Every structure is written in C-alpha cells, then in structure tokens.
Amino acid sequence: MNGHSSANGDDDDFDWDTEDELEVDDHAVSRSGVTVPGEEAVLQSAKANSSAESSSSKVTGHFVSMGFRKEMVAKAIEENGEENTNLILEALLQYSEAGSSKSKLIDHFKGMGFSEEMVLKAIQENGDENTDSILETLLTYAALEESAPVQHADCDYEGGFLDDFSDFSDIDSSSDSEEFLNPDSDEESKLLFLTKMGYSEAEASTAMERCGPDSSIAELTDFICAAQIAKAADALLPPEEKKPFCTDFKKRRKLDYDLLKKKKMKLERRFGDGDEVLHLPNPMLGFGVPTEPFQRTQRVLPEAAIGPPYFYYENVALAPKGVWQTISRFLYDIEPEFVDSKYFCAAARKRGYIHNLPIDNRFPLVPLPPRNIHEALPLTKKWWPSWDPRTKLNCLQTCVASARLTDRIRKAVENYDGDPPANIQKFVLEQCRKWNLVWVGRNKVAPLEPDEVEMLLGFPKNHTRGGGSSRTERYKSLGNSFQVDTVAYHLSVLKDMFPGGINVLSLFSGIGGAEVALYRLGVRLKTVVSVEKSEVNRNIVRCWWEQTNQTGILIDIPDVQELNGERLEQLMSIHGGFDLVIGGSPCNNLAGSNRHHRDGLEGRESSLFFDYCRILDLVRCKMAENR
C-alpha cells in the first residue's frame, strides 16, 4: 500500500495509459469484402461498444492486479470514469485508507470488550470519525444490556431504587445546565432539558407527572433511571410472579375484612376516591431531624388516633398517585411524616411514616453515624476522581451491579490520560448513582459490600451474615429494611414512657430494624411478636436476639394471616397487650418506578397494608375493652 501512496504522489512521472491500452483506443475494426447497405453504421456501433468494454476490462484488470478488490475498482470507475486513471487510483487509495481506519476502529473498541456487532452498529449511527460519539453510543448499549441486575432480584424492589436517589449534581458546569437544574425552572424547560439528555418525551412527561412540576432535574432523572432499572428487574420475575392479584389471594382476606371494607366505603364517601396528588415536601425533614435547624414540636392528632397503644407505619415516599392519601385515611387521618435518611447517614432513603407518637423531646442515637461517603468509607477518598461530585449514596437497593459493568467503566475511563470527556463522565456518574458504585482503585469502581450496607443502614456488623443467608439474600434483606438511625430518632420518645420495657407487635419485621433501634435506644424488649414470611429474615432476627442476650420473649409468626382476632386476644392475654404496633408492609406494588406491577394498594404484595390496618384496629379495640 505504501507503494501505491508513493505512486500517487508522483503522478507526473507515470503514464498509466500503456501501449496496449492506446492500441485498443486507436485500433479500427475492418472487414474485407462487399459492404452491405447500413452495415457501416452497425460496424461503427460495434466498434465503439467493443472498444469501451475492452478498455473497461483492461482498466479493471490493471487495478485488480495491484491488489484492489474488483467491486472497489468498479465503484471507482463508476464515480470517476475510466479515462482518468489518476482519479481512479486516488479513489481506490481513499477507499483502502478508510477501510483500514474502520478496521482499526473496530479492533480498538472490540479490545475494550464490546462485540463487533455492537461496534458496527455504533459506527453506522455516528460515522467513523467521531470516536467520542461512538464510545458514548457503545456505553449506552452496554448500559441497556446491563440494566438487568446480575443478582437474583425477587420482586422486593423497594422504594424503588432511584425514586430515592438524591444529591444529584450538575452534569456539566455550564450556565445553561445551572439554569435547567434550578428547581424554579418552568416545566417546558425541564422537559426540553430531559429530552436533550437523551430521555424520551414519554419518560420525561411521566417523571414530571409523578414528581410534580416543582421537582428538580435531579429528582426527575433519578425517577427515570429508577423506572428503567425496575422495568428490567421485573423482566426477571418468573411468570407466576407477574400474575395479577388472584382471586384465591383475595379469598384469604375474608377473616375480619368486612369491617375494613365498611371503613373504606365510609372514607370514600367522605373524601372521594383519593386520586388527588400529594406533593412531597422538599427537603424531606419530617417534623424535624437532629442535624437541621427546622423543628416542629407540635401537631394535632385526630381523637381516634391518640394512644396508647402506639403505632408506627413506614413505606416508600414516592408511591403512586393517591396512595398516601389512602394510607392516611385508613390510619385515622394522621398526617404523614416524610423523611429522607440522608439527614441521618451517608445514604438517601425517602420514606413516609404515619404514627401517633409524640414528636417533642426526640433524640438521636449516639455516636452519630458518618454523614458523607468519605467519612463512611474513608479508603475510597484516595481514588475518588475530582469530576465525581457525590457526597451521599443513593437509596440502597436489593441487588448490585455486575462485574461486566464495572469492568466496562474501568476500560472507558482508563482510555484517557487526564479526566475523561464530558459524555464519558456523564455515563459513568449515571451508573455510579444508579448502582451506588464507589471508587476502590485507580479508574476502578465496585458495588458496596454487604457489611458496608449494614453500617450505612445502622445495623451491627455481620448482622445479616450466617443463619443460612447467602450474599444475594443479604443484599435483598438489607435493601428491604428500615434505616435504623432514622427510625430510632422517631421511637426515642418511648424510652422515658416505658422505663420498665415494652411489648412490641412487629409486623413485616424483615431483619428486625425496629427491634435493633429500640435496643440501641436502651429500651428493654419485654415481648416481641415478630411476623415475617422470610425464613432467612426470621433466622437473622433470632440470631441477633440470642447474640445480644435479650432477656425478653421472642415469638416468631411466619404469616400475617395467622393473626386473627382469636390469636391476637390469646397473645395479648398472656403478655399483657402491646405497647407498640410497628411495621412497613411490602412496597413491591408501590414503588413509583415499578411499571410492570405497580398496582398500588390493590397489588398482590402491597395489599398487605390492609392487614396492618386490620390487626391494628383489633389490637386497639381489644385494649380499649380491657381498660
């Protein structure tokens, strides 16, 4: 090929019209004998055609013999004509150069771990000149491919993923970005900015509708990312898990359910169907947090809600439209307290709480937990790049990113000596926020380890280790748990109220977040009736109970359906009633991003909320009778 290039550079020294070609051009076709009328014209035409075909064949053969493909030569002749061989050669050399460059480009990206099919598609979309655009497209393909979590993701995606994301920083520092990221920007500007970021108009509109017109770009992008991940996670569910709320499941709820239906009808007549939008507070400080100056020390509880017994209910803040209005109505019309756990620890967790506890004289657990990523995970500070502005982790999930994704991020970042370009930074930061990836080496990210998640959620080290729980089960159990420091702050008022200890009915106990919070507050657990369907979680709570030398009684019940009026009355007569009914029913059908089975409180899992109401009503009625 170098020889070709050299020849092309010295066109004046070469005459590509050989003697044979000249002979073909000048040769006259003759025939002996008599000429037939009209034959001369036919002969002239035949001469021209024969001359053209012969000349084209010669030129083609000439360049084919030089190593060019016949199809390539034909294309060059078609574009430049067969007379100017210099132009033909120049075109052929350009084709060869382009082919070689494309081949090198394909090899380059294949070396980064992308498939040839994916690379060819990206080149076709962006051309082969803009390598940054090609890489961005490839990373987008990879993100879509990796969106299904590598860990087994049962349907316990709570709160839902990035619905709870916070601390979203600007993608770039331009004034335009700052304008769009301003929470006061109008709705059209936000929709336009989201579409410029690559999100579809439908995704942007849905996010705006769910999060409200006053939402920041950070909240909107978090919601969209959550929807994309939850959609992929739902695709992993076995077919039976995707079935709608079945009639058999409804039949199980006949016991003590008539009263609840009557209550619902009464509430709907009074308030309507509950579809009005509840705008979440920003910031989510609830009735106060220990690290912020705002404190609300008074509220008016409806008369029917005034305890004891006290109750405390938790679920995801960003539930579908009308859900929190319904929850509030079924729980004595109490105003929800919306709190983001980022004010208590280094990870966000946006939750709503409805309770009848006092809100004055609260106090936090000590020592206070780490408040930012580098305090919580100090070894990451050495490797944290300046272009990653995160100081808080997002909502801790039930699954983690795959090794393939973290490896692709490493290859994408290490391809540059300095900071990667803005588009690569954007992609990496999106994935880091989505999966809570932290920097553990040069250009190297990794998901959180289970013991790190335990620490961030306020549990003791190795709380979920052992007892038959696998690594996958540990992530799942932790992802569905309370944030202990947040819950303990709310429950702290019970310490002075029950100096001799407390009887707790813990519904949907999970891994015992409420029990751990009370224990860390110094509240003695006299009796705990723990209702939890997961055997793994029951084993975790049982191990913790034994290891912390609890002196009270722990009673395990695997199914909330077992707690009918008769069983509750029996338990209460033996143990003297319950001082606190606490729990957070499954949020599988409430997670705002969960599009596959986001059925609200009528969904197969989240309808267990009505069992919480049923049991709470029974407990309060029985205790009122015994006073």
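Select strand E2, residues 337-340, together with E3. The two strands run antiparallel and are joined by four bridges. This is a predicted model. Now pick Glu337: its bridge partner in E3 is Tyr353.

Go to Val316 and look across. Arg351 of E3 stands opposite.

Check the two faces. Lys350, Gly352 and Ile354 point one way. Arg351, Tyr353 and His355 point the other way. Both sets are buried.

**Salt bridges**

How many salt bridges does a search of the whole structure find? The count is 12. Three of these stops follow.

Select helix H16, residues 403-414. Show the side chains of Lys411 and Asp407. They meet in a salt bridge, 3.4 Å from N to O. The two residues are four apart in H16, so about one helical turn separates them. Asp407 has 27% relative accessibility and therefore counts as partly exposed. Now widen the selection to take in Arg410 and Glu414. Together with Asp407 and Lys411, they form a network of salt bridges.

Next, select Glu449 and Arg471. Their closest N and O atoms are 3.0 Å apart, in a salt bridge. This pair links distant parts of the chain, 22 residues apart. Glu449 sits in the loop between strand E5 (444-446) and helix H18 (450-457). Arg471 belongs to helix H19, residues 471-479. Color by accessibility if you like. Glu449 is partly exposed at 33% relative accessibility, and Arg471 is partly exposed at 41%.

Move on to Arg542 and Asp556. Here the salt bridge has its closest N and O atoms 3.1 Å apart. Arg542 is in helix H23 (residues 535-547) and Asp556 in strand E8 (residues 553-557), so the bridge ties together parts 14 residues apart in sequence. Arg542 counts as partly exposed at 28% relative accessibility. Asp556 does too, at 30%.

**A helix crossing**

Two packed helices are described by the angle between their axes and by the distance between those axes. Select helix H20 (residues 484-491) and helix H22 (residues 513-521). What do their axes do? They come within 9 Å and cross at roughly 60°. H20 and H22 are therefore oblique to each other. Their crossing is right-handed.

Show the side that each helix brings to the contact:

- From H20: Val484, Asp485, Val487, Ala488 and Leu491.
- From H22: Gly513, Ala514, Val516, Ala517, Leu518, Arg520 and Leu521.

**Zoom out**

Finish with the whole chain in cartoon. The protein has 25 helices and nine strands. Switch to a surface view and ask what share of the 627 residues is buried. Buried residues make up 52%. Residues 24 or more positions apart account for 73% of them.

Methods. Residues are numbered from 1 along each chain as its sequence is written. This is a predicted model: local features need pLDDT of at least 70, side-chain atom pairs count only at pLDDT 80 or more; totals for chains, interfaces and linings use all residues. Side-chain values use heavy atoms; hydrogens and water are left out. Buried means under 20% relative accessible area, exposed over 50%, partly exposed in between (1.4 Å probe, protein chains only). Two strands pair if DSSP finds at least two bridges between them. A salt bridge is a side-chain nitrogen of Lys or Arg within 4 Å of a carboxyl oxygen of Asp or Glu. Axes are lines fitted to C-alpha atoms, for helices over the stretch in contact, and angles run from 0 to 180 degrees between N-to-C directions. Angles under 35 degrees count as roughly parallel, over 145 as roughly antiparallel, 65 to 115 as roughly perpendicular and the rest as oblique. A crossing is left-handed if the near helix is turned anticlockwise from the far one by less than a right angle, and right-handed if clockwise. Contact means heavy atoms within 4.5 Å.
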